[in-house]
Amino acid sequence: PGIVSQASCRERFADRRTMRYGGSVDALRAEGQAAAAAAQRGMDAAAVFYRAAAGAFASADTSKGRSLTQRANEAREKAGALRKRAGELLFAYHNEDIGASLEIDLHGLHVDEALDAVSCWLEALRRGGDRRAKMCKIITGVGKHSRGSSRLPAAIRQYLADCGIQCVGSAYS
């Protein structure tokens, strides 16, 4: 598993605990959801550009194909930045003081973001030497907002198994 460095984890958790958000906690959630929706619209736009580029290349219009591919790449890059921001906001909304908690809530995160968060969280628990951490709670949700079935619960179970950590149950198994 890709355990990230201790310094990186400290920076990430420090940033999340000290982030200053204007307005209420509900505003934090709303901003995160809005960023996630904008990211999805950006990815949808990128897909349209990629399809148009493929059509241009198929009709031997390589100049137009390259231009459309560039626009698709730009849309995808902007969407990625929005997705990252959405993940940070939603993670902060669901996890007030992650460094001191035996529970982590991964609602709103994509698989790669969630695996990174779990890795840092487990490392923080190990560093803290908290002897009471014999059992922890990881909340993944069931994927109500996923396209198709949720990949997150299975990915988290696999990650824990790869780390040699026993997963003892699930409310949704």
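## Overall layout

The protein has 5 helices and 2 strands. The model is predicted. From the N terminus on, the order of elements is α-α-α-β-α-β-α.

Of the 173 residues in the protein, 31% are buried. Among contacts with a separation of 6 or more, 65% join residues 24 or more positions apart.

## Helices H2 and H3

Helix H2 covers residues 25–58 and helix H3 covers 62–94. H3 has 33 residues and, at 1.5 Å a residue, should span 48 Å. Its end C-alpha atoms lie 47 Å apart, which agrees. The buried residues of H3 include the alanines Ala72, Ala75, Ala79, Ala86 and Ala92. Gly65, Gly87 and Arg83 are also among them, as are Leu68, Leu89, Leu90 and Phe91.

Gly42 is found in H2. Gly42 counts as buried because its relative accessibility is 16%, under the 20% cut-off. Leaving aside neighbours within four places in sequence, Gly42 is in contact with Ala75 and Ala79. Both of these alanines are buried residues of H3. Gly42 and Leu82 are 40 residues apart along the chain, yet their C-alpha atoms are separated by 8.8 Å.

Ala54 counts as partly exposed, at 47% relative accessibility. Gly55 is also partly exposed, at 39%. Ala54 and Lys64 are 9.9 Å apart, C-alpha to C-alpha. For Gly55 and Gly65 the C-alpha separation is 7.7 Å. Gly65 is one of the buried residues of H3.

Ala60 sits in the loop between H2 and H3. Ala60 is exposed because its relative accessible area is 62%, over the 50% cut-off.

## Helix H4 and its packing on H5

H4 runs over residues 111–128. Its 18 residues should span 26 Å at 1.5 Å a residue. The end C-alpha atoms are 25 Å apart, in agreement. The buried residues of H4 include Val111, Ala114, Ala117, Val118, Trp121, Leu122 and Leu125. Two glutamates, Glu113 and Glu123, also belong to the buried set. So do Ser119, Cys120 and Ala124.

The angle between two axes and the distance between them describe a pair of packed helices. The axes of H4 and H5 (residues 152–162) come within 10 Å and cross at roughly 35 degrees. The crossing is right-handed. H4 contributes Val111, Ala114, Leu115, Val118, Ser119 and Leu122 to the contact. From H5 come Leu152, Ala155, Ile156, Tyr159 and Leu160. By class, the contact has 10 nonpolar residues, 1 polar residue and no charged residues.

## The nonpolar cores

Which residues touch the most other members of the largest nonpolar core? They are Leu106 and Ile156, in a core of 17 residues. H4 and H5 are the elements that give two or more residues to this core. H4 gives the most, with 7 residues.

Phe91 is among the buried residues of H3.

Leu68 is one of the buried residues of H3.

## Ala114 in focus

Ala114 is in helix H4. Is Ala114 buried or exposed? Ala114 is buried, with a relative accessible area of 0%. Outside four places in sequence, Ala114 is in contact with Leu106, Leu109, Leu152 and Ile156. Ala114 and Thr140 are 26 residues apart along the chain, and their C-alpha atoms are separated by 8.7 Å.

Terms used. Residues are numbered from 1 along each chain as its sequence is written. This is a predicted model: local features need pLDDT of at least 70, side-chain atom pairs count only at pLDDT 80 or more; totals for chains, interfaces and linings use all residues. Side-chain values use heavy atoms; hydrogens and water are left out. Axes are lines fitted to C-alpha atoms, for helices over the stretch in contact, and angles run from 0 to 180 degrees between N-to-C directions. Helices (H or I, at least four residues) and strands (E, at least two) are DSSP runs, numbered from the N terminus. A crossing is left-handed if the near helix is turned anticlockwise from the far one by less than a right angle, and right-handed if clockwise. Contact means heavy atoms within 4.5 Å. Ala, Val, Leu, Ile, Met, Phe, Trp, Tyr, Cys and Pro count as nonpolar, Asp, Glu, Lys and Arg as charged, and the others, Gly among them, as polar. A nonpolar core is a set of buried Ala, Val, Leu, Ile, Met, Phe, Trp, Tyr and Cys residues joined through side-chain atoms within 4.5 Å. Buried means under 20% relative accessible area, exposed over 50%, partly exposed in between (1.4 Å probe, protein chains only). The expected span of a helix is 1.5 Å times one less than its number of residues.
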